[in-house]
Amino acid sequence: MRLSIGIAGLFVGFLALGATSSILEMTPPIGGLALASLRDSFREVHNGHLHEAIDILEPRGTPVLAVVSGTILKLFLSKPGGKTIYQADEMGVYCYYYAHLDGYISGLREGARVRHGDVIGFVGSTGNADPRSPHLHFAIFELGPDRLWWKGTAVNPYPGLVAAVKRVKS
Ligand SMILES: [Zn+2]
């Protein structure tokens with residue numbers, strides 16, 4: 001009896017987590033990513049703005065992988081971010097943002113469905129990134145009920161990225 005209650009409790013807990021946060025299911029945005037490559041710069045001020053993102057330094061052209069399964073919301077060319085991707089998770093709760101890309105994987109389009117681990121673009125330095133230090137600028141936004149890609153609230157991706165790298169290694 002106690003065992004069955006325990007298992008049921010775990011199952012309900014798992015469902016609740018799974019339904020509310022795709023962040024807990026992330027896979028790393030870069031293949032073979034090391035913990036040493038992650039630094040929490042979420043609260044730093046970059047170019048006069050709160051960074052609210054994590055920068056991952058990688059050679060130009062390194063494949064960028066979707067961190068969760070979901071839908072491409074927007075391919076956006078912005079002055080600071082350069083070539084960017086806004087990707088929603090399956091539930092439309094969180095939006096994952098990849099910026100300074102050198103380019104997109106060919107055929108990527110808004111509305112396309114992607115699975116976690118799919119190559120969606122390549123590391124670069126488009127936008128205001130220093131051309132001498134190409135990197136992936138990665139952010140997570142909690143979408144509002146209207147699910148508009150430009151209206152999310154920033155969530156610190158650092159703990160989720162650390163957990164994602166540890167899951168790969170274990
Ligand atoms: Zn950045």
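**Entry 1: strand 6**

How many of the 8 residues of strand 6 are buried? I counted 7 of the 8, so strand 6 is largely enclosed by the rest of the structure. I call a residue buried if 20 or more other C-beta atoms lie within 10 Å of its own, exposed if 12 or fewer, and partly exposed in between, with C-beta atoms placed from the backbone. My helices (DSSP H or I, at least four residues) and strands (DSSP E, at least two) are runs numbered from the N terminus.

I noted what I am looking at: this is a predicted model, where local features need pLDDT of at least 70, side-chain atom pairs count only at pLDDT 80 or more, and totals for chains, interfaces and linings use all residues. Residues are numbered from 1 along each chain as its sequence is written.

**Entry 2: the whole chain**

I found 2 helices and 11 strands. From the N terminus on, the order is α-β-β-β-β-β-β-β-β-β-β-β-α. The chain has 170 residues, and 35% of them count as buried. I then looked at contacts (C-beta atoms, placed from the backbone, within 7 Å). Of those with a separation of 6 or more, 65% are between residues 24 or more positions apart.

**Entry 3: partners of strand 6**

I went back to strand 6 and looked up its pairing (two strands pair if DSSP finds at least two bridges between them). Strand 5 and strand 6 run antiparallel and are joined by 8 bridges. They form a hairpin with 3 residues between them. Across this pair, I72 stands opposite Q87 in strand 6.

Strand 6 and strand 7 also run antiparallel, with 5 bridges. Here K83 stands opposite L101 in strand 7. Their hairpin has 4 residues between the strands, and G92 takes a positive phi near 70° there.

**Entry 4: L143**

Where does L143 lie? I found L143 in the loop between strand 10 (135–142) and strand 11 (153–155). L143 is buried, with 20 other C-beta atoms within 10 Å. Beyond its neighbours within four places in sequence, L143 is in contact with A88, G92, V93, Y94, C95 and G152. I checked C95: it is 48 residues from L143 along the chain, yet their C-alpha atoms are separated by 6.3 Å.

**Entry 5: the largest nonpolar core**

I define a nonpolar core as a set of buried Ala, Val, Leu, Ile, Met, Phe, Trp, Tyr and Cys residues joined through C-beta atoms within 7 Å. The largest one has 37 residues. Which members touch the most others? They are V64, C95, Y96, Y97, Y98 and F138. Several elements each supply at least two residues, among them strand 5 (70–78), strand 6 (82–89) and helix 2 (158–169). Strand 7 gives the most, with 7 residues.

I followed F138 further. Leaving aside its neighbours within four places in sequence, F138 is in contact with P29, A53, I54, I56, Y97, Y98 and P157.

**Entry 6: helix 2**

I checked the span of helix 2. At 1.5 Å times one less than its number of residues, its 12 residues should span 16 Å, and the end C-alpha atoms are 17 Å apart, which agrees.

Which residues of helix 2 are buried? I listed G160, L161, A164 and V165. They cover an arc (taken from the directions from the helix axis to the C-beta atoms) of only 135°, which puts them on the same side of helix 2. On the other side, K166 and K169 are exposed. The buried residues of helix 2 pack against strand 3.

Methods:
Two residues are in contact if their C-beta atoms, placed from the backbone, lie within 7 Å.
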